[in-house]
Amino acid sequence: MMVHLPYGKTLIKFDAAGACVLTSRIDRLKDDGNGSEIVRKAMEHPIDSPKLSELAEGKRSAVIIVSDHTRPVPSRDILPHMLRQLRQGNPSIDITLLVATGFHRHTTQRELIDKMGEKIAKHEKIVVHDSRDASANVQIGILPSGAPLVIDRLAAKADLLVSEGFIEPHFFAGFSGGRKSVLPGICDQVTVLGNHCGRFIDSPYSRTGILDFNPIHMDMLAAAKLAGLAYIVNVIIDENKKTVAAFAGNYATAHRAGCDFLKDYCMVDPVPADIVITTNGGAPMDQNLYQCVKSMTAAEAAAKPGGVIIECAECLDGTGGDSFYRALKECESPQALYEQFVRTPQADTIPDQWEAQILARVLRSHRVILVSRPGMEQIARDMKMEYAKTLSEAVETARGYTGTHASITVIPNGIAVIVKQSPGQSGQKGFDRTAVSSREYPCLHREKTMRSCEME
């Protein structure tokens, strides 16, 4: 059986005969070629919310939080409808598109045009958020974790704050979308660092597909509420990055409906293997190594203890973060680095610590072989990984460690699936609620309280 692995804007062919292949079932939602119509229908029937046009009535200004260049959100399907409804409700409303870069680099004008279309990119008011510019951000509260909530001033002063985005499995927030538009999307670095602290990353609930009792998710929900996020439009995309479903309305319940919907299509049962091959879904998601840690966690969940992970990623932008790179390059070992980050106080969290911590978690139990362009060879070795020019070379190397009859699992798109995990797998502690201290995060120990947080 031949499988096609996304790599940049191309595909790598791999003969998966005898291998277990794990894919989402999202392709059962057929793309009819009209993602815009799917969005329009969702916005006509918002979940737990008035229509956007109604919310716009009497408002002087509105900010639409827009995803950045690292997210394959089909904004061309979404933004025209959001802009139309806002102006339908209030023709004179002042609209700003605020690009949620989170902790990423700035989005370029070319990337904005590619994402939104030339008309919107050139004629709408667009501001790119800068998490590192303290003067552009303002504190509006304190999060349940104790971290200050500091967001973009434009969002803080807007009469109406709304967002677009997409929902996919996320390797520590459970799912992307919804509340993530605010945190980390438009937050200052101090808030992002506090939310992504070592203690939260270490939580057994901070995993792909988990929202309940996830401390990172709970802080994000609180941030969205405090920021006044009034309405969202989130889509679900297929393997071709086409819109196949949409959810609009309340920032918490519309998002949760989308997550529950997606989970039915992307949850997979692993067949633990000696070698696991995966990708980050191709461009734009495999543009740097930082992003590719996401798919490595899917492989981690599908690998036997000590198994080999093969990650295929073009990484045109290199590592994606200098501090991420240096943390792995300069550490004594992945195990030592992981323990160091878990001990780091929340207020002392450093940029990209979370990504390095999760990669260290993977590396402390598995060899990782990176299949990438030649310029990534030394970077891979510096970061405690191995390198191969081709997938066949990587498989041959992996078999040298595991034996010629090693079992193989292939996950063509590692960020599109949620691999079920049993307690203790891949170094996890098991999903025991007592693993998170009630003193540190009391909301996590009260189901009723947590659900009420989502409904507000």
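**View 1. Thr107, a buried residue.** Thr107 has a relative accessibility of 7% and therefore counts as buried (under 20% relative accessible area; exposed is over 50% and partly exposed lies in between, with a 1.4 Å probe and protein chains only). The model is predicted: local features need pLDDT of at least 70 and side-chain atom pairs count only at pLDDT 80 or more, while totals for chains, interfaces and linings use all residues. Residues are numbered from 1 along each chain as its sequence is written, and side-chain values use heavy atoms, with hydrogens and water left out. Thr107 sits in the loop that joins β5 (94–100) to α4 (109–116); helices (H or I, at least four residues) and strands (E, at least two) are DSSP runs, numbered from the N terminus. A polar contact of 2.8 Å links the side chains of Thr107 and His69 (a pair of N or O atoms within 3.5 Å; within protein, one must be able to donate a hydrogen and the other to accept it, and residues adjacent in sequence count only if both atoms are side-chain atoms). Leaving aside residues up to four places away in sequence, Thr107 touches Asp68, His69, Val99, Thr101, Leu112 and Val128 (contact means heavy atoms within 4.5 Å).

**View 2. Helix α3 against helix α4.** The axes of α3 (residues 75–89) and α4 are 7 Å apart, at an angle of about 80° (axes are lines fitted to C-alpha atoms, for helices over the stretch in contact, and angles run from 0 to 180 degrees between N-to-C directions). α3 is therefore roughly perpendicular to α4 (65 to 115 degrees; under 35 is roughly parallel, over 145 roughly antiparallel and the rest oblique). From α3, Ser75, Arg76 and Leu79 meet Ile113, Asp114, Lys115 and Met116 of α4. These residues divide into three nonpolar, one polar and three charged (Ala, Val, Leu, Ile, Met, Phe, Trp, Tyr, Cys and Pro count as nonpolar, Asp, Glu, Lys and Arg as charged, and the others, Gly among them, as polar).

**View 3. Helix α13 against helix α14.** α13 (residues 334–343) and α14 (residues 353–363) pack at about 140°, with axes 8 Å apart. The two helices are therefore oblique to each other. Pro334, Leu337, Tyr338, Phe341 and Val342 of α13 make the contact with Gln353, Ala356, Gln357, Ala360, Arg361 and Leu363 of α14. Eight of the contact residues are nonpolar, two polar and one charged.

**View 4. Leu161 in strand β9.** Leu161 lies in β9 (residues 160–166) and is buried, at 2% relative accessible area. The C-alpha atoms of Leu161 and Ala62 are 5.8 Å apart, although 99 residues separate the two along the chain.
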